[in-house]
Amino acid sequence: MSVPGPLLTLALVSALALAATVSHAADAEARYVDGWPVCVWDGQPLGATGDGPALTLTVDDEPLSLGAPVAAGPLRVTYQTPAGVVTDSLQPFPAFPNCFRREVTFTNNLDKQRDLLSAELRVAWAAPTDARHWSAQSFAMAECSSGGPTLCVAYTSNEDFHRTQLDMASRPLARHQVGSVWRLPPGGTAVIGSQYLWVIPEGLAAARASAQDWYEAVGLRVAGGDRPWLVDCVMYQACAGGSVDSMFGDTGGFDNFARQLDYLADLGCNAFWLMSVTTHKDPASPRTGWNLYGPLSFSEVDPAYGGEAALGRLTEAMRARGFRVLGEIVPHGGGAEVAASHSEWWTYQRDGERSRGFGQAMDYSAPGWQDTIHETIRWLTAGWGFEGYRVDVAEGFGVNWKSPTNGPHVSRSTMGGFLGMLRAIRDGTLKGGCPAPVIIPESAPRPEAAPYAPVTYTWPLDYRFGDWFAAGMSAEQIRTALTRLLAEEQGSLPRGMVQLRAINNHDTVVEHGRADRRYGVGLQRALTAVCCLVEGVPMIYQEQEVGSYDYFRRLFWARRRVPELCRGAADYTGVRAPDGVFAVLRTLEGSHALGLVNLSAQPVEGEVTLPGGVIPAAGTTLHDAITGRELAVTGRRFTWRLEPYGCAVLRIGLAPEGQMPEERHQPQSAGSLQWRVTAEGGTLTETPRPEGGTEYTFTAEAVATGELRLQLTGVDRWLATAVTGVYEDRLMRRHYPWPAEGGYHWDPTMVWGFEPHHLYRACLPAGRQWQSAVAPLLADGFLAFAGADGQAVRIAGIETNAHNVVLTDRSEEPDPEPYGLTLRFLARDEALNPWWSPAYQRSGWVEIPNPHALAPMEPLRVSFHLAPGGDFVTILRQAPGPAPASEGRREVGLASYHEGSGRLWFPEPNTVRWTGLPLSQSGDYTLWLELRHSERGPQETELTPHYQITLDGQPVAFEWQRLNAWSTGNGYFGWAKAKVGRLESGLHSVEVRTTHTWCALQSRLYISRDPGFVPGL
């Protein structure tokens, strides 16, 4: 890392005032000093020289040594190197006040080809490390003194991807890392730009506000068109084939998916991201031709889904219920014949080998390929009225070294291809008849996409949720980090560009599992509430609503009934709330709404303080759009209570608009609730109880055999009181066989639990509404079920040693008719993926890879009491809340560490401690850790003696099992195995102490009772 040099002196300031200095505005000046670009405002130096060069270029795999310049003028510096000539220049940028544009060129002066591989442009501030600063998507800004002038540095390119990094050493240093790649012939010139430097005299607050003005000045504006519905919507992502848990295989096509629309409209969703509809299913090979993102055709609606007619019925039914419908496009090519037959459209690596992406790795900058995608989009839009598209793998597959289009600038296939493909998709949507397309690229936030795509992903926020929870942060720590992140995010994108807010999509399910497994159902709801209260478009993923119907229905309709939440400006820091409560104030045309979310498992009651001027007069009423509660307040302070993981939407002085509508979704069965208890592989006893109901007991005949089932029909509502919150829902049939005429077949054995696959190891079997492996019941927990008449039956007093207790919608069963629910007590759950980890370890810092190692070592035993339970609504209101949050957490002993690639790196000796590690079964265990064994080579072992492991405070001996199991750069990692012996069920702790510099370890540990388990498969 380059470190800035000393502050500029007054003598330097005088030198900068020479006639040779170019003045762009009244007091704004710029020139090169010792090769570094420096800006001065009113005689005050805002830029400085740093250590080393102000730019670096990598040519033919080696950093280019610039040496001393051969020519230096006020706005241009020239270097002569053995490889060629480098110029670094500044010029005024008249479109923006006090602004200068920086450009770097490299000319190959050898008689052979040279490969320019990357560039980094640096700017240093004349400011101390404690200066106020801001770093965002394209920006780095820092003040030289409190409230004083600010130097702003930004980068943009329509051809090359780039990244902004703000380093803080003796003073801030902005680094723009640019993926500008050129294959230069002799005499060829590469142009790298553009970096911008400008001065704001009023300080950092004004500088942050100027960021969006700069976007306007460089042409990054959201394309016009009337789409007011976009910020008002609650989006639902779904595939008509099924969710990723079932390999998009268990919903059964367009007509079957349409049966869910009334339920989803009742829930409050009003926009769809309908995943890809072109052909990808292969009836002849359903296990291999399953991948939605391996399209086989770009000109045919998948016949397995029902074809064109069924898609028309679905989209018409969606619009009849008020849904906006977005489609999806997969431009990497998949297995489509049109992609496979045009080698000139493929992406090639530097060595000439063809790149391999997801099927085809197409060059998005190839004009013929853009035309193909454009025509597909036009056809889909004209035929079915899609109002935009989500773009899969929108950034493409990197540099195309054999591009016939881009000449020597081979990296124009990256950012240039990304933008060119977005333009083709937008233009195809326009030509198909949609006047204001909504394009959503699967991409990091890229301001350059604004002219084509008004919506961007918010991966930084999505993944931070998981990082914070995995790190064991408290509710208050998460609130603080979340508030800071959202406040820093404001103003970082062009005006009108909105962000998609979600805690799950199909990719995160694959990587981490569903949100209720990762966070628990309670925190999942609270984080979804945050997504609904902040700026942006909230979205939930297919079946994320299972078990959260009532909460989501009240939340989504509250958002839709309070205009400030959809279109108002957000203040994330102006409200004071109790610890652990996230607060945001939304303001629209003088009216205000306050969002509050309890991020903890405990109820919170405390004082809330609003900014001045929000309460217009004494006696102003707060109207909660969630509960209907009202409170008259006389000042800025009031007291409010939030239930565990609960939220409030308080409209200030105005009632929410309209009413939450009556439910349209009809009960699945008009008959009464009925049930039947069956068993196999053991003895079932039924004993009437004097107080009513029946006591059921079951004992299996042998270990790992037997099953007890409670089958229910006529179910309309159900609930389960789990440790992470109450699962509750209306029963809605989501899973159907595929239409016979489509020729496609799917069954529950075709999931990754039966065919383990590295990418899909976080998925759980489809059709499960609740399961104890993910969310164990409370100590006195129960389940309840009700028919259409609202009368319930309760299953309580459950005692069992079952490997898993599963509430399934019967889609796992050979004969799912008559439709209903089945509660299954399993001696061994063979359907679980071997890489599944139980939810009591959902934080991600520990994983028990083989669930069968947790199976009971004794015959299955079950007992429970089944009895009429009264009115379901009353039961739901009185259901106990979640258990207190687990004490389990990962702690890092010192501040000197950083995380990368899921691993912890320690520049100095350090300690990592996992506490509250729960084991549900006693037995002999083996502990596995992935540790860095060398920084010298794949078989070197100089770091192996420098790890000390303790379990429950006692030293543990371990052996190295496999070196170089994973590596990055000079980080070589191997597996260490410790046979820790017998551990009793309950909570345990593990500590790893490092005793040498630059030790590192994976941020998760593995523990198993399976003696044959080996991690890293």
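1. Aromatic pairs. A search of the whole structure, which is a predicted model, gives 37 aromatic pairs. Rings of Phe, Tyr and Trp (its six-membered ring) pair if their centres lie within 6.5 Å; planes under 30 degrees apart count as stacked, over 60 as edge-to-face and the rest as tilted. Take Trp345 and Trp369. Their ring centres are 5.9 Å apart and their planes stand at 45°, so this pair is tilted. Trp345 sits in the loop between α7 (337–340) and α8 (367–384), and Trp369 in helix α8, so the pair ties together parts 24 residues apart in sequence. Helices (H or I, at least four residues) and strands (E, at least two) are DSSP runs, numbered from the N terminus. Both Trp345 and Trp369 are buried. Buried means under 20% relative accessible area, exposed over 50%, partly exposed in between (1.4 Å probe, protein chains only).

2. A stacked pair. Phe825 and Phe864 have ring centres 5.7 Å apart and planes at 10°, so they are stacked. Phe825 belongs to strand β46 (residues 820–826) and Phe864 to strand β48 (residues 861–871), 39 residues apart. Phe825 is buried, at 0% relative accessible area. Phe864 is buried too, at 0%.

3. A cluster, and a charge over rings. One aromatic cluster is formed by Phe93, Phe96, Trp134, Phe139, Tyr196, Trp198, Trp214 and Tyr215. Elsewhere, look at Arg903. Arg903 lies over the face of Trp966, 3.6 Å from the ring centre. Its charged end also sits over the ring of Phe973, at 5.5 Å from the centre. The test is NZ of Lys or CZ of Arg within 6 Å of the ring centre and within 35 degrees of the ring normal.

4. Helix packing. How do α14 and α15 pack? Helix α14 (residues 521–533) meets helix α15 (residues 549–561) at an angle of about 10°, with axes 10 Å apart. Axes are lines fitted to C-alpha atoms, for helices over the stretch in contact, and angles run from 0 to 180 degrees between N-to-C directions. That makes the two helices roughly parallel. Angles under 35 degrees count as roughly parallel, over 145 as roughly antiparallel, 65 to 115 as roughly perpendicular and the rest as oblique. Residues in the contact (heavy atoms within 4.5 Å) include Ala526 and Cys532 of α14 and Phe552 and Leu555 of α15.

5. Val715. This residue is in the loop between β39 (707–713) and β40 (717–722). Val715 is buried, at 1% relative accessible area. Leaving aside neighbours within four places in sequence, its contacts are Gln668, Leu673, Leu731, Phe785, Ala786 and Leu821. Val715 and Gln668 are 47 residues apart in sequence and 7.2 Å apart in space, C-alpha to C-alpha.

6. Backbone points to check. A cis peptide bond joins Gly193 and Ser194, with omega about 25°. Ser194 is in strand β19 (residues 189–200). Met247, not a glycine, has a positive phi near 60°. Val393 also has a positive phi, about 45°, and is not a glycine. Val393 is buried, at 15% relative accessible area.

7. Basis. Residues are numbered from 1 along each chain as its sequence is written. In this predicted model, local features need pLDDT of at least 70, side-chain atom pairs count only at pLDDT 80 or more, and totals for chains, interfaces and linings use all residues, while side-chain values use heavy atoms, leaving out hydrogens and water.
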